Amino acid sequence: MKKWQRSDLRLLIISGLAVLLFVLAILGEWLAPYDPLEVNYALSLKPPDNTHWFGTDKLGRDILSRVLCGAKTSFSLTLMMLAVIVVVGLVIGLVCGYVKGWTDHIIMRIADILLAFPDTIFAIAVAGILGAGVFHTVFALALVWWTKYARLTRSLVIDLSKKDYICAARLAGAGHIKILFVYILPEILPKILVNAALDTGSMMLSLAGLSFLGLASQPPSPEWGYMLYESKQFMQTAPWMMFYPGCVLLMTVMIFNLLGDCLRDKLDPKSE
Amino acid sequence: MMRQFIIKRLVSLLLVLLGVTFLTFLVTDLAPSDGAEMYYLSRGITPSEAALEEKREEMGLNQPVIVRYFDWLKNALHGDLGMSFHDGEPVMRQLTRKLPNTLKLAFGSLALVIVISLPLGVLSALYHHRWPDYLIRFLTFGGISMPNFWLGLLLTYVFAVKLGWLNVISDNSFKGMILPMMTLVIPLASAYIRQIRTAVLEEMHQSYVIGARARGMNDKEILLEYILPHCIAPIITLLGMSIGHLLGGTAIVETIFSYQGIGSMVVDAIRVRDYPVIQGYVIWMAVIYVLVNLLADIFCYWQNPRTRRGVKQ
């Protein structure tokens, strides 16, 4: 009994931190002490002090404000991508697992091809060919990652379809739509969501990585990966430019990774 | 049995290669600007519509994508990956010049990852829920959450800027490769240590371990003779898959350290939309990745006595 209480507390604290991050990301624009886009050459490359806690960049923009506003970009992009991947993967997986036959065969072979290839490289190539841009990058990463969820959903659906209660539902005259959405979907959704939670951190990292290569977000809008890219050339004169955005990114990814671990332990205690 | 297995794997690998190259081709077709336009733009010329049309005809861009794909494939099989739009150098030559550097970096890092993570992963499992385990898990958790590009910047800052031990820009010397390798190794080794720990822990709870202990074997014998051999197959499979991660990571790491490999080459090519170079990069990466995985599969197949002797599982 005691062990459960401890893990509950852990989950509570970590989800609290995650919620706090979301609130910060949403309120970032109001909380930011300065306009993140305001250029002021008089303040160029100022080290952190009382007025600019995180210092300023080459154009004299306040780094704290940029980090706060960048949170919104990173979060909304990651969530958008997660939503696209989960929904697409879920729908395709449901169809494949339920319909089976040729549809399933063809789609799964395509998934095999995509899975058999390094995702970063494919994303770099796709984003590179389509040209730099936030939506191209999201598209490129989604193109690779839907496969994971499609396969997971498919295997869960196939397992479930053999269960007696699905058979009983069918005998009782339930239609395909009803079986899929009323009997199967609620069963598999928690597993899919735990996986999504576990992947959030690495998705955020991939997005930031592509952004660091100059493939995702475009200046001047603040984004953590791109801020780090900009900071590279000022490493010797203004190390604070790379320090703060990186720290925030690391902490955010840590919190999401911890949250994923906690949720998995909670909903699927066998795996630890 | 073994030969059949290899042939079967080779066929499926061929399909993967065809699929991946075709997909990149398809995406190139979707791109907002085409080869003819990039050809002129990279030379600083703004082309007229007529000149563009002529160039498209010359480059065969007016043909349907499937025809162009097979043309490209035919040439690629003859070792001709086309010319770079940007500087007119054959893509193949550019790739073969830079590929060894990337391979050195990737496989060197992989070796280091194994050397570091195997003992630490086993140690962590042996000291399950005691302080070495907690320490290793804490550190590796930091490692997997670390953005590798930020790690690269931090390492450069500490070792090159502050301490002055190493150079900011890396060359192919041993000293120049330390920082890029550390940047690649730390996150990957962290992920690996955790996987090995889980694999070893899982084996430790198997009934054959209890049986061996009941027969009076000591823990060291059990570990070396039973547990580790059982863990090898999943570890090798993981290694094969992480090559993809590693090769993808080289793009970022090479860019940070201005290392002359094909990773930084492709990032530069992306900036100027040099499609032949990007395609050449994709096909080479696919070939390497697929070959390494084939080797991993063959090893696992051979290592497992049941499949080796042709016993149906």
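B:Ser258 counts as exposed because it has 12 C-beta neighbours inside 10 Å. Here a residue is called buried if 20 or more other C-beta atoms lie within 10 Å of its own, exposed if 12 or fewer, and partly exposed in between, with C-beta atoms placed from the backbone. Although B:Ser258 is not a glycine, its phi is positive, about 50 degrees. B:His129 is also a residue other than glycine with a positive phi, near 60 degrees. With 7 C-beta neighbours inside 10 Å, B:His129 counts as exposed.

Before going on, note that this is a predicted model, in which local features need pLDDT of at least 70, side-chain atom pairs count only at pLDDT 80 or more, and totals for chains, interfaces and linings use all residues. Residues are numbered from 1 along each chain as its sequence is written, while chains are lettered from A and ligands numbered from 1 in the order in which they are written.

Helices (H or I, at least four residues) and strands (E, at least two) are DSSP runs, numbered from the N terminus.

| Residue | Phi | Loop in chain B |
|---|---|---|
| B:Ser258 | about 50 degrees | between helix H10 (219-257) and helix H11 (262-271) |

**Two helices of chain B**

Let us follow H11(B) to its partner. The axes of H11(B) and helix H12 (residues 275-303) of chain B come within 9 Å and cross at roughly 145 degrees. Such axes are lines fitted to C-alpha atoms, for helices over the stretch in contact, and angles run from 0 to 180 degrees between N-to-C directions. On the H11(B) side, the residues that meet H12(B) include B:Val266 and B:Ile270, and their partners in H12(B) include B:Ile278 and B:Trp284. The residues of this contact divide into nine nonpolar, no polar and no charged. In this sorting, Ala, Val, Leu, Ile, Met, Phe, Trp, Tyr, Cys and Pro count as nonpolar, Asp, Glu, Lys and Arg as charged, and the others, Gly among them, as polar.

**Where the chains meet**

Which residues does B:Ile278 touch, leaving out those up to four places away in sequence? They are A:Ala125, A:Gly128, A:Ile129, B:Val266, B:Ala269 and B:Ile270. Two residues are in contact if their C-beta atoms, placed from the backbone, lie within 7 Å. B:Ile278 is also among the residues with the most contacts inside the largest nonpolar core, together with A:Val126 and B:Val266. That core has 138 residues; a nonpolar core is a set of buried Ala, Val, Leu, Ile, Met, Phe, Trp, Tyr and Cys residues joined through C-beta atoms within 7 Å.

Across the whole interface, 32 residues of chain A are in contact with 36 residues of chain B. Helices H4 (119-130), H7 (176-212) and H9 (240-267) of chain A each give two or more residues to this side of chain A. H4(A) gives the most, with eight residues. By class, the side of chain A that touches chain B has 23 nonpolar, eight polar and one charged residues.

**Chain A and confidence**

Chain A has nine helices and zero strands, and buried residues make up 44% of its 272 residues. After H6(A) comes A:Gly173, whose phi is positive, near 95 degrees.

The model scores ipTM 0.81 and pTM 0.82. Chain B averages a pLDDT of 83, and 96% of the residues score at least 70; pLDDT is the predictor's confidence in each residue, from 0 to 100.
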